Amino acid sequence: MAAAEENSSLFLIFILTMIALPLVPYTIMRLCHAATAKAKTIHCRCSGCHRSGKYRKSIYKKISNFSTWSNLTILLLWIVVIFLVYYIKLISREVQVFEPYSILGLEPGASESDIKKSYRRLSIQYHPDKNPDPEAHTYFVESISKAYQALTDPTSRDNYEKYGHPDGRQGFQMGIALPKFLLNMDGASGGIMLLGIVGLCILCPLMIAVIYLSRSSKYTGNYVMHQTLSTYYYFMKPSLAPSKVMDVFIKAAEYMEMPVRRSDDEPLQKLFVAVRSELNLDLKNIRTEQAKFWKQHPSLVKTELLIQAHLTREAFALTPALAKDYKHMLELAPRLLEELVKIALLPRSPHGFGWLRPAIGVVELSQSIIQNLGKVQPSKTNQEKQRHQ
């Protein structure tokens, strides 16, 4: 077994490899994605927008866009990689082949008199009595003296001629990629090594596989949760009015997982007032209807208000937290609406026909959501123009 220092170096190389294997391709993928996203960005080239600096990002904005958890994690891992490379290079010692003829400046097979002459010449140059340099002292003791002894001693010279080393045949040495403290523990190192092998080679892959299978089993091929499809199938009825399709659409499990924050209460109250006329509430019993609306699950309330804010072009007034939920809601909407249409058109009659009435309601809701996608930003832009005027 190799020396403990070599084992520690091998262990650091093993850690460096495990970090670099996923880090390098993931970094390349992120850089390619960033370059593609930047290439797709289209800015207005008119003179008014150029003078206003509308698309000019401040330094703070650029830093905030970069300082995401993912980017900071990648940066930290690259710092660790650079430190490991430097440290490994610092502690690793290159194995040099011991060649006494080369050290003494002689050709192989030189005579004993030539060996002594060369030794005396080098002693004048490197001997501690002649040269006070500590490096010269080290070189004289560890190289010149050993080379002279190896070539003047008959046994050492014979071993060198036969096996290439003054001490004779050298056994093959192997290192193990484990830290030094594991190899210095009496009796306990075997158990720790066994636990490390079991954890690294068995438990970690098994845990990753379980997480992957548990997540993949929740979703269909269209990346919609199975629970969502079950809910849609249960609530989709032949008599479902188009105005009630919204109530089914917002019951998606993806929307139910949206975070519910106390800080959203006041903004949602204001949003409710702004979109109350679009919520199909019975005006005769408005107080009862309002109380019934707010008694729903908080995620249902938030989702419906965000959708109505989108349809009525009130999304520009959302708080940053609600704006993030609003964006997430719009990203999920196309897949959920597609599955909702499929469920409405499932063959349920002897002739293989689905239900037309709820299908029309889903199509109308899809049109409303898609058509308002291009209207949210212009509305916000108009308000900014009015503010500047």
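This is a predicted model: local features need pLDDT of at least 70, side-chain atom pairs count only at pLDDT 80 or more; totals for chains, interfaces and linings use all residues.
Numbering runs from 1 along the chain as its sequence is written, and side-chain values use heavy atoms, without hydrogens or water.

How many aromatic pairs does the structure hold? There are nine, a pair being Phe, Tyr or Trp rings (six-membered ring for Trp) with centres within 6.5 Å; planes under 30 degrees apart are stacked, over 60 edge-to-face, the rest tilted. Phe293 and Trp294 form an edge-to-face pair, 5.6 Å between centres and 85° between planes. Elsewhere, Tyr119, Phe140 and Tyr148 make up one aromatic cluster.

Next, charges over rings, counted when Lys NZ or Arg CZ is within 6 Å of the ring centre and within 35 degrees of the ring normal. Lys237 lies over the face of Tyr234, 5.2 Å from the ring centre. Lys251 has its charged end over the ring of Phe235, at 5.1 Å from the centre.

Now the chain as a whole. It has 19 helices and zero strands, taken as DSSP runs: H or I of at least four residues for helices, E of at least two for strands. Of its 389 residues, 29% are buried. Among contacts (heavy atoms within 4.5 Å) with a separation of 6 or more, 68% join residues 24 or more positions apart.

Definitions and conventions: Buried means under 20% relative accessible area, exposed over 50%, partly exposed in between (1.4 Å probe, protein chains only).
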